[in-house]
Amino acid sequence: MLKYLLLAVLCIAQTHSLYEDQVGKFDWKQSYVGKLKFSHIDSRANIKRIYVASEDNAVASLSLGSGTLLWRQVLEKGPQGAIVYFHYGANSLVTVSFNGLIRVWNPNDGSLLAGWTLPLNIRHVKFMVDGGNFYAIEVSSAIKTVLVHTYKLASGSLNDVVKKIPATWLTESTYCETNQNVLACLVQGSVKILFPSSGGQTQILEQSVPSATFLTPVSSAIGLPSFKAGNVVITVNNKNIETSQIECNSVHVDKTEDTNKVLAICVRPLSKSNIEVDIFISQQKISSNNLQLKTQIAQSDINVQSCFCKGSSPSCFCILSSQDHTTLFISTQGKVVWIREEALTSIISAEFLDLPVSDVDAAIEKEFDNQECGYFEMFTRRLMSQFYQIQTLLSIESPAFKSSALVRDKFGLHKLILSVTSVGKVFAMDNLSGKILWTLYLANVTPYSVTGKQFAPVFVQRSTRYVPYPAQVSILFKQSTSKEGVLFTLDPITGQLIHGDQGQKLGYQVELSTLLPGVNKNHLRGILLLDSNNQIHLEPPSSPVPKPYFIYKVHPQFGVLTGYFVQEDLKLQKVWELNFGQPVVHVASKNPVEKVHSQGRVLYDRSVLYKYLNPNLIAVATHTPDNVFSIHLVDVVSGNLVESIIHKRTMGPFHMVHSENWLVYVYFNEKTRRNEVSTVEMFEGKTQSNSTAFSSLSKSLFKPILDKQSYILPVSQVDAIKETITEKGITSKHILIALGTGSILEMPWMFLDPRRPAQVTPDMREEGQVVLEYTPELPILSEAIINYNQTLYGIKNIHTAPSGLESTCFVFAHGLDLFYTRVAPSKTFDILKEDFDYALICLVLGALIVGTVVSKKLASRKTLKQAWK
Amino acid sequence: MNYYLSLVTIVISLHVVRSQEVDSTQEKHDIEGRVLAPTHDPSWISSTQVYIRGGQFIGFLKDDGSFTIKNVPTGSYVLEVVNPDYQFDPIRVEINSKGKFRARKVDYIQLSKITPLPYPLRLKTIGKIKYFQTREQWRATDLLFNPMVLMMVAPLFLIMILPRLMNDPETRKEMEQLQSMTKLDVPEMSEMLTSYFGGAPKKPKAAVKPKPSASKLQAGSSSG
């Protein structure tokens, strides 16, 4: 008991949690729903709202005026939870998931009203909700019948006998869709319209559309179910068919309030930031508006999700969803009400970037940048920069103040987050506010994908440090059609593409890409690209390649690792090959910006255990179908297999973090049915072989001492793990664990340390070192949850980056929600606490001064008195 | 010699799907239960979900707090209640091939220990989650033990109280004794001190003696 108490006390001492008044001070959260799949605007209710269902299996309600999220429910992950049908009506929201679950939601707060399972195979069924009934329509070409199953929406009980509509015209290729209470089928150049929910003899309407090859339901006002077949819009108006021919990919069908004429709204993108909205009445264009967007969208297509119209000269509001996952709410009068950047749910790469220095600082930098100029020129430069400084001091309207929003601060806490999404949209966000600074849409690109995980490499070629030169970042994608590489080079501060909108087409398929360590004379770091013929390409071509230079390649499906040596003539020479014979599930290398401050670890007996700090070490995880999980530590320069660790009866998801001289990995132990964390720490021993630089080749036979330990992680699922990183590596490391329940847990390395002794002896404690006794279960403390009560759904990854302060590390987590905060693993030792009492210190100093003066006076008076006695 | 290594930015990660993936041939069951209201605010219903395997199966709550997790194949699961503000203990639910349910407490360390729980499940909160450190309240003792306040109080003590104590004959004796001891210990230092402070130790003696001239002289020398 005492042991646990002690542990608890230590835990509290170790975790630096927030105070309640610090909520939202260092962090922000943005909630998204993902690409819209279905939506409905409720314009009749008192509180106008939009109800949406997304590709990311979320059902949500948005406010009409601002687009903010009112409530959101996230259904089952993956294809099982995919929403295949969505309906709003009569104060209920109905969703049908791919796993056959029908759920009825309360539109006011998102609570569940009813939930039941459809006893049919969902793949061949179309749905319809009419009144309080739910209709599942089976279109069976085998028995040439349309079967209509009717269920009570509230309970799921079968309402009626199955209604059979004979349909002799059904063939294998017949394609049917539902919209509102209408079923439409496309049969060899004609569209058949059925009303499955109406009682009695079923009427079948027919419309011949000879050129139609596809049939899609179209957004339409209630009572006007419409479909698009080819370029003909078919509207069912009170059991009559009306057709209109509009050359437009995306339309909404509505009717005018007084004349009851059918009107169509057509939206088409003109350019990346321009869309055109046209209104047609009886195929006559009555209005056309051009909308300027503050974001970039895909030019290919835009989809009208739903609209509502009012007034006799129709004024409509529409929700649009573009191919790049942007959701727009516009009025047909030519106004963009709000934009939601739903592409942010599909971030694949993120990078923290420095901001440029202010103009004044830049002028000072300029003063010293050119060494060759003479004394006189340097003197005039000094005068000019000082004059400029005075000018900025005096006038508030100087250019330095105008650009002050994006200027580096003293502590390096203000940065830019560059996020690349899988749809090809790039975002730059301000890390302090989360505001989107610019967006960029890269057309016709797809990300790379390895073992099911998508990624697009981002290379920071030049930071903002080299003042006359702007910062430069390159993003590597592949072309959707040819699969060849495309390199997009841009200035991350302004979002300007350097090689134009289409990027730099490489003309070969990229197998491997990496940023070179050396810089050229313009302070630009080169990119090394390896094509499928093992040819090396450099970008820019004149980039210096350090010598000797080694690269390695992983073939995940075969489990083969190959090491190469880059020769003088940029030819590859194979040095080694390792064949694990098992599929590789994870490769963990160290963060290239990581620095290790302490070379060793002082033990309680005052001896030093030196860390095995091999920068060339990677950890490769393989997993066999019979659930054997192995970790191999490989030196990728020499090909030396340092160690292999095997865990039997384990299952994924696997997560791994490799940093300094240690490795942390999480897996599910099938035998004990729990998540476990294993840690490995590597040491050279009590002597250090080479204290200045580590060489992989000089001691290829050297084996480090390994400490291993496993702990129970008492959580049901881990979504991602990441280590904190600081500028100089002095601050202790914490591990951030994203839990399946939507929390990010900050776990001090001390708890995961494989050297936690089984029993703490008094002399271990005497040395003033904090040594924790081994306990099998790791504590999950609510104070260590850095996102407190802001649940984050479906965290995909966590990014960490050092700030300008040694104590502070930035954290950016993304999934369906974005969350940014900063953590201080060893507390903020380098800045004053924010609750530092300035008033008290002033008061005390003042009192001391007053006290000194008064007492001096008193003392002299007393001595004078005594002298006169 | 420095050996460079390309840091390949390919991060490979695979969510190996657990072998107990939803199998259409397997028997499917519904787990039922009820979450007891942790608060009177009705908004807790929509912010609470019941998760199995981090959201692979989800039970949403109805108005009365009841939930059903549908279509769960046979197996052993840890059921968690997710609410941003209230904590609930996880429960292990086992469904055997006959469709029988068994609920028990989750014990990750003692795997064989079984503490059965009633089924259908009744989930009760174990309290509000404490995410934040409490700010230290202002207390008088804090102010007193503040180093700065101590810094102010200690000289005050030396100035005001110490001379009074010196007037007490017993303490004076003690002080003298102490001084003599220090003399024995470090004679050189004490010599230096006496020479430096002049006749300071004689000052109280002079004050006792009714000799105004001597006291004047002493006072003059010390102040000068």
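Trainee: Which residue of chain B forms a salt bridge with Arg673(A)?
Mentor: A salt bridge here is a side-chain nitrogen of Lys or Arg within 4 Å of a carboxyl oxygen of Asp or Glu. For Arg673(A) the closest N and O atoms of the pair are 3.3 Å apart, and the partner is Glu94(B).

Trainee: What should be known about the model and its numbering?
Mentor: Residues are numbered from 1 along each chain as its sequence is written, and chains are lettered from A and ligands numbered from 1 in the order in which they are written. The model is predicted, with local features needing pLDDT of at least 70, side-chain atom pairs pLDDT 80 or more and totals for chains, interfaces and linings using all residues, while side-chain values use heavy atoms, without hydrogens and water.

Trainee: How many residue pairs are in polar contact between chain B and chain A?
Mentor: A polar contact is a pair of N or O atoms within 3.5 Å; within protein, one must be able to donate a hydrogen and the other to accept it, and residues adjacent in sequence count only if both atoms are side-chain atoms. With both residues at pLDDT 80 or more, the count between the chains is 18.

Trainee: What is the area buried between chain B and chain A?
Mentor: Buried area is the accessible area (1.4 Å probe) that two parts lose on being put together, summed over both. Carbon and sulfur atoms give 59% of the total for these two chains. That total is about 7,200 Å².

Trainee: Why does the distance between the end C-alpha atoms of α2(B) agree with its 21 residues?
Mentor: Helices are DSSP runs (H or I, at least four residues) and strands are E runs of at least two, numbered from the N terminus. The expected span is 1.5 Å times one less than the number of residues, so α2(B) should span 30 Å. Its end C-alpha atoms lie at a separation of 29 Å.

Trainee: Where in α2(B) does a kink lie?
Mentor: The bend at a residue is the angle between axes fitted to the seven residues ending there and the seven starting there. In α2(B) the kink is about 35 degrees and comes shortly before Pro163(B). The residue is Ile161(B).

Trainee: Which residue does a cis peptide bond join to Tyr119(B)?
Mentor: Most peptide bonds are trans. In this cis bond omega is about -5 degrees.
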